[in-house]
Amino acid sequence: MEDTEIIELASDVFSKITDDLNDGLYKELKGNISIRWGTKRCFSAYAAVGSSVEDPPKHYIGLTYDTAIMLYRDIEDYYGYIEYGADNDKFDIMLKGYDYPKELSPEPQKEYCCKNMFISGLTWIFFHELGHLVQEHGYIRTLYECSESTDIVDCASNDNENSNNLKGKASAISHATEIAADYYAIMSVLNALIRHFESDELESEIKSFIAVLALVFYRFHGVNSYVRTEVPEGSHPQPLIRLENTMPLIVEFYSNFGILEDKGSNMSRLDLINITSWSSFSVGLFWLRKSRSSGLPEDFFLLGSLQRPGMKNYHRVIMDTWDEIKPKIDQVKRLDEPLSELKFTDQYRKILHKDC
Ligand SMILES: [Zn+2]
C-alpha cells in the first residue's frame, strides 16, 4: 500500500468510530469528539480536552500521519519476518512443544491480513486515548500537578522530546492513569472482537490483535534496555511493563465464562498463553532485527507481570494510587462502564501486600 492509502484507511477507521461515538455516547452528553491529524515526524498520539469537567465534553484525539504509516510498515515487515522464518531455530528452543505459526496468513491474503492487523492496532491506540478522555484523566492530573495542561501525550520513547522529570506522587498519578487507559483500551477491543466475529475468523482476529499490540508496545519501547523500576518515575510506565500487564488480561478475559466457546471457537487457555508468549517473543526478536541492533538490550523480552525485581512494590504503588483517585474519577467520568475500568481482585491485592 502507498502511504496515502494507509492514511486513507486510517481516516476511514477513525471516522467510523468517531461517528458512532458522536451518534451515541457524545450525543447523550451533548458533546463532541473529533480527530486531529498532525504532521510531526514521530510516532505519537494524544488526547486533548476543550471543555471543563462540568460542561458537555469537547474531546479531541490526535495522531500523526507518521504513526499510521509506521504502524502499517511495521506490520508488513513483521509479516515478512514470520514468513521468512529467520528466527525459527530460537522459537523451537524457547517454545518447545508448541506448534507456533509459520505464517500470519496464506500469501494471497497478505494485504487483507496486514490491513486487519492495522485496523485493530489503530483501534487500540484510539481507545487508549478515549480511555483518558472518558475518565477525564487530564483533569485528574492537573489536581496533582502532573501537568499544567489537560492534554495527554503518548509517544514512542525515541520520539519523546520532553522526557519529563515527573517524580513521586505526580508520576504515580500519571502511571496509574496510563495503566487505566490501557485497561480501557484492551477491554474495549476484546469486547468489540467478540461482538463482530465468530469461530475461525474470531480466532484469527484475536491472534492478529495480540501480535499488533506487541508491535505497538515494542515501537514505544525501541531497542532500550529495561530499567529496573520499584516506584513510578516519569510520565509513562515502561512499555514492557505495559505489555506485561496487558497480555494476561487477554488470556483471562477470553478463557473465562465460555466466551469463546459461545462464539464457536475451541481456543483454550493454553492456546491463548502460547499465542501471547509467541507473539511477544517473536515481535521482540523482530524488533531487534528491524532496528539492526548490534547487541541485546538488557531484559528485553517479556516476563510475568510481577517477575521483574521491584515489580511488586511498583504495582502496589499503582494500586494504592488508583484507589485514591478512583472516587475522584467517578465524580467526573463521562461513561459509567465498570467492565472497562481498571480494577484489582482481592487475590491480587493479597499477593501485592504479602511480605511487605
Ligand atoms: Zn496514554
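S199 is found in helix α8, where helices (H or I, at least four residues) and strands (E, at least two) are DSSP runs numbered from the N terminus. This is a predicted model, in which local features need pLDDT of at least 70 and side-chain atom pairs count only at pLDDT 80 or more, whereas totals for chains, interfaces and linings use all residues. Residues are numbered from 1 along each chain as its sequence is written.

The phi angle of S199 is near 40°, a positive value in a residue other than glycine. S199 is exposed, with 12 other C-beta atoms within 10 Å; a residue is called buried if 20 or more other C-beta atoms lie within 10 Å of its own, exposed if 12 or fewer, and partly exposed in between, with C-beta atoms placed from the backbone. F257, which is not a glycine either, has a positive phi of about 60°, and this residue lies in the loop between α9 (239–255) and α10 (259–262). N256 lies in the loop between α9 and α10 as well, and its C-alpha atom is separated by 8.7 Å from that of R269, 13 residues apart along the chain.

| Residue | C-beta neighbours within 10 Å | Class |
|---|---|---|
| F257 | 9 | exposed |
| N256 | 10 | exposed |
| I6 | 21 | buried |

The place of I6 is in helix α1. Leaving aside its neighbours within four places in sequence, I6 is in contact with M1, A68, I69 and Y72, two residues being in contact if their C-beta atoms, placed from the backbone, lie within 7 Å.

Helix α1 (residues 3–23) and helix α3 (residues 65–84) have axes that come within 9 Å and cross at roughly 105°; axes are lines fitted to C-alpha atoms, for helices over the stretch in contact, and angles run from 0 to 180 degrees between N-to-C directions. The two helices α1 and α3 are therefore roughly perpendicular to each other, given that angles under 35 degrees count as roughly parallel, over 145 as roughly antiparallel, 65 to 115 as roughly perpendicular and the rest as oblique. On the α1 side the contact is made by D3, I6, I7 and A10, and on the α3 side by Y65, A68, I69 and Y72.

The largest nonpolar core holds 80 residues, of which I75, A214 and L215 touch the most other members; such a core is a set of buried Ala, Val, Leu, Ile, Met, Phe, Trp, Tyr and Cys residues joined through C-beta atoms within 7 Å. Helix α8 (residues 199–221) supplies the largest share of this core, 13 residues. Apart from neighbours within four places in sequence, L215 is in contact with D74, I75, Y78, G121 and V283.

Taken as a whole, the protein has 13 helices and 4 strands. Its C-alpha atoms fill a box of roughly 55 × 50 × 45 Å, taken along the principal axes, and buried residues make up 38% of the 356 residues. Among contacts between residues at least 6 apart in sequence, 80% join residues at least 24 apart.
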